[in-house]
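Please keep the sequence and the coordinates open while going through it.

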Amino acid sequence: MHDYTQLRGLSWLMVMNQVNRLKVFGVRCLTFSLQPEPLQPKPLARLLLLAAVLIPSITISASVPSSPADDAMVQGTQAFQRGSYDEALGKWKEAARQYETQGQAHQQSQALVAAARAAEAIGQIRNALQLLELASALVQHEPDALWRATVLTQLGHTYLTTRQLDAASLYLTQARDLTQGVSSPALTASLLNDLGILHALQNRHTEALTDFTDAVQLAKQAGLPLVALHTRLNAARTTLLLNQPANSRIWIDQALEHVDVLPPSREKSNGLMSIGLLYRRLLPSLPDLHAPLVLRSAGALQEAAGLAEQFGDARTLSFALGHLGFLYELEQRLDEALSFTRRAIFSAQSVDAPESLYRWQWQLGRQLAAVGNLDGAIDSYRQAAATLQPIRPAVAGAAADSSWSDEDPIRPLFFELSDLLLRRAGLTDDAPATQEYLRLARDTIETYKATELRDYFRDDCVDTLQARITKLDTLAAGTAVVYPIVFADRLELLVSFPNGLKRLSIPVSSARLTQEVRAFRKTVEKRTTREYLPHAQQLYAWLIRPLEPDLASFGIDTLVFIPDGPLRTVPMAALHDGRQFLIEKFAVAATPGLNLTDPKPIDRAKVRLLTSGLTRAVQGFPSLPFVEEEINAIRTLYQGDQLLNTEFSTPRLEQELKDHSYGILHIATHGWFASDTTQSYLLTYNGKLTIDELNRLIGLFRYRKDPLELLTLSACQTGIGDDRSALGLAGVAIKAGARSALATLWFINDEASATLVSEFYRELRNPKLSKAQALQHAQQKLLADRVYEHPAYWSPFLLLNNWL
């Protein structure tokens with residue numbers, strides 16, 4: 001699995017405020033990497049290629065200020081050089097306003113591009129894009145083609161850092177067309193580097209290598225050795241993607257040879273770190289060269305550390321030392337690894353660099369665990385998690401939208417800590433201490449789950465909910481909460497029973513579990529076969545059978561699952577014990593997190609319903625003829641209003657939700673939940689309602705005394721094997737501010753859906769039943785019908801979040 005995290009280099013530097021302190025503002029060179037590499041302060045190596053040409057007014061104003069706007073430009077440049085990026089942003093935005101007042105559009109565009117640089121440096125990507133879009137509009141009729149190309153390159157470059165590849169491609173292609181009419185090896189080298197990264201991210205690796213190779217030659221022609229260095233490193237990474245490790249080594253050797261000609265500087269230190277890490281990356285591919293590659297990696301990192309120390313750059317020093325610690329850890333030289341890692345922590349602490357510190361605290365914990373110091377390891381991991389918390393959004397943002405990679409830079413920290421806590425629980429005979437370690441292990445994963453959902457939706461909906469609800473420490477009678485934690489080598493089940501937490505360790509690897517889950521999901525949708533049954537029984541054997549004695553002794557009738565990873569994509573109700581489906585014995589619900597559930601029963605007496613949906617075929621989607629029957633059946637049970645077909649539009653839905661207070665919102669229409677929340681939608685008559693729009697429309701429920709009790713989405717579907725899309729389905733109720741959601745994992749027979757949903761609402765009127773039990777009865781009704789007995793018809797319905 002390859003992950004272009006050096007493309008994230010820009011975002012990591014936003015986190016770290018490690019923008020190169022350049023004498024004059026200019027465009028930057030971006031590099032990418034094959035694997036997660038958040039441990040290094042990536043140089044924002046898009047250097048000043050031709051500063052006097054690209055932004056001449058800054059150069060002129062720096063020497064001869066002639067107006068308040070020019071003064072502000074100079075002050076912004078000085079602030080940027082010393083790392084005061086907020087101040088630089090303010091000065092350059094002020095200069096842009098003054099240039100606008102004076103009617104100096106060219107200078108205004110330069111100030112806007114400069115301000116975008118500062119905004120990007122502090123992680124304000126949206127602000128940076130707005131500033132660059134404005135600059136782009138200003139230069140549309142600019143006679144200077146080189147400057148227009150520069151603005152478009154910077155705009156495409158910024159879209160590239162946010163993984164908006166279509167927009168990046170549009171602007172970078174326009175910039176390339178403009179540069180064909182002008183002679184600027186410097187700008188073209190930078191542009192080709194960005195195009196190479198774009199092509200690499202599009203899996204067009206041969207084209208990417210050509211781009212990087214051409215960029216190296218142009219950078220040499222322009223006399224820009226640092227740009228040439230980073231394009232060589234990008235070429236080395238690309239040849240690794242092409243499975244050419246020997247050629248990759250040639251590129252790295254060339255980079256090492258040419259880095260020697262650079263004068264001592266922070267940029268040289270960063271370049272040496274990239275070289276050291278790439279030599280380390282070659283180790284698995286060139287085992288016969290293990291010893292020389294380790295020596296070269298260590299040598300480059302040692303030299304990087306020496307330069308950082310020479311310049312008093314403690315932040316960069318912390319990264320160089322930390323990388324050395326990891327290299328020695330790989331070589332099983334743990335005493336030296338611990339020494340380097342502790343020095344890295346000290347350096348990071350000396351300059352308040354949390355983006356570096358949490359990584360080395362994490363690494364120290366791993367190394368302490370390796371030498372058998374379990375308590376010390378747990379303390380270090382917990383320190384790392386605490387250090388990460390304030391900067392978590394920026395760290396997650398750096399890794400966001402990496403749909404081509406399964407890597408998450410945050411997940412391993414929490415799962416490794418949870419694993420240590422579980423190991424510690426197994427080493428004590430004291431029952432209260434064991435319960436405390438188990439609770440801490442569960443809460444560690446719970447923290448990650450909240451983080452994961454927050455980052456998926458990229459807003460504070462999770463924080464809003466957690467601020468409103470009370471933590472669920474006690475369970476309703478007859479309820480057990482099953483908390484699976486999927487580790488690489490095993491499955492852990494932490495189950496909340498009335499007498500406390502119980503731990504069961506299941507000897508099945510993550511790969512084997514995932515394989516079985518994928519097979520189950522694929523076959524359970526096939527309505528004409530029973531291919532699903534062996535997989536349903538195997539999953540039951542792992543997840544449920546070990547619990548059966550306790551489930552019986554405590555009289556459990558409701559199971560609440562908090563699924564992890566691939567388990568989100570399958571219907572637990574269809575697990576099978578050899579004689580019965582799980583739904584025949586237990587009511588079943590799911591929630592993305594224990595602390596994300598508001599456990600309050602629905603107020604049936606006051607509930608008012610808004611039903612909406614489509615029966616007609618629109619926008620290329622098939623008709624749903626039984627939706628009208630479904631809606632009519634529901635309206636006989638609850639007071640409320642209806643929006644059907646032409647009336648079901650976003651503006652009309654918004655007006656209804658503004659004018660009335662509803663307890664249930666029922667939407668019967670085609671829907672899709674994707675890995676990217678921006679690609680998830682519900683179909684309206686003449687458009688598509690995105691999840692973000694849904695949140696905006698009914699977000700006001702979050703702040704009402706009576707929140708939305710239930711959001712029902714029938715006819716929705718998620719991708720097979722797409723854990724993130726299933727996360728979106730589970731999190732939609734939180735995003736929308738609803739206590740519960742009823743939704744489907746895949747699109748099912750329209751008539752079956754209408755039957756089940758209508759029965760669910762009928763059962764829900766019974767005050768003796770929880771929502772989970774109401775769904776159980778409705779599913780059992782379909783199961784008893786010979787036409788719909790196959791789980792493909794009834795099992796995709798999931799009750800999410802509050803099950804009471």
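1. Two residues are taken to be in contact when heavy atoms of theirs lie within 4.5 Å, and this is the sense in which residues are said to meet or touch in the points below. The model is a predicted one, and what follows should be read with that in mind.

2. On the chain as a whole, there are 33 helices and 13 strands, and of the 804 residues in the chain, 63% are buried.

3. Two helix pairs deserve a look, and for each the note gives an angle and a distance, since two packed helices are described by the angle between their axes and the distance between the axes.

4. Which residues of α19 and α21 meet? From α19 come L374, D375, A377, I378, Y381, R382, A384, A385 and L388, and they face L413, F414, E416, L417, L420, L421, R423 and R424 of α21. By class, the contact of α19 with α21 comprises 12 nonpolar and 5 charged residues, with no polar ones.

5. In the other pair, the axes of helix α4 (residues 68–81) and helix α5 (residues 85–101) come within 8 Å of each other and cross at roughly 160°, and α4 and α5 are therefore roughly antiparallel as well. The crossing of α4 and α5 is left-handed. On the α4 side the contact is made by P68, A69, D70, A72, M73, Q75, G76, T77, A79 and F80, and on the α5 side by Y85, E87, A88, K91, W92, A95, Q98 and Y99. The contact of α4 with α5 has 11 nonpolar, 4 polar and 3 charged residues.

6. N203, which is not a glycine, has a positive phi near 60°, and N203 is placed in the loop between α10 (185–201) and α11 (205–221). N645 is likewise not a glycine, and its phi is positive at about 55°; the residue sits in the loop between β7 (640–644) and α28 (650–659).

7. Are N203 and N645 buried or exposed? N203 has a relative accessibility of 52% and so counts as exposed, whereas N645, at 8% relative accessibility, counts as buried.

8. A last point concerns L504, a residue of strand β3 (residues 500–506). Because its relative accessibility is 13%, L504 counts as buried, the cut-off for this being under 20%. Leaving aside residues up to four places away in sequence, L504 touches L491, E492, L493, V495, P546 and L547. With L547 the separation in sequence is 43 residues, while the C-alpha atoms of L504 and L547 are 8.5 Å apart in space.

Definitions and conventions
Residues numbered from 1 in each chain as written. Predicted model: local features only at pLDDT ≥ 70, side-chain atom pairs only at ≥ 80, totals over all residues. Heavy atoms only, no water. Helix = DSSP H or I, 4+ residues; strand = E, 2+ residues; numbered from the N terminus. Buried < 20%, exposed > 50% of the residue type's maximum accessible area, 1.4 Å probe, protein only. Axes fitted to C-alpha atoms, helices over the stretch in contact; angles between N-to-C directions. Parallel < 35°, antiparallel > 145°, perpendicular 65-115°, else oblique. Left-handed = near helix turned anticlockwise from the far one by under 90°. Nonpolar A, V, L, I, M, F, W, Y, C, P; charged D, E, K, R; others polar.
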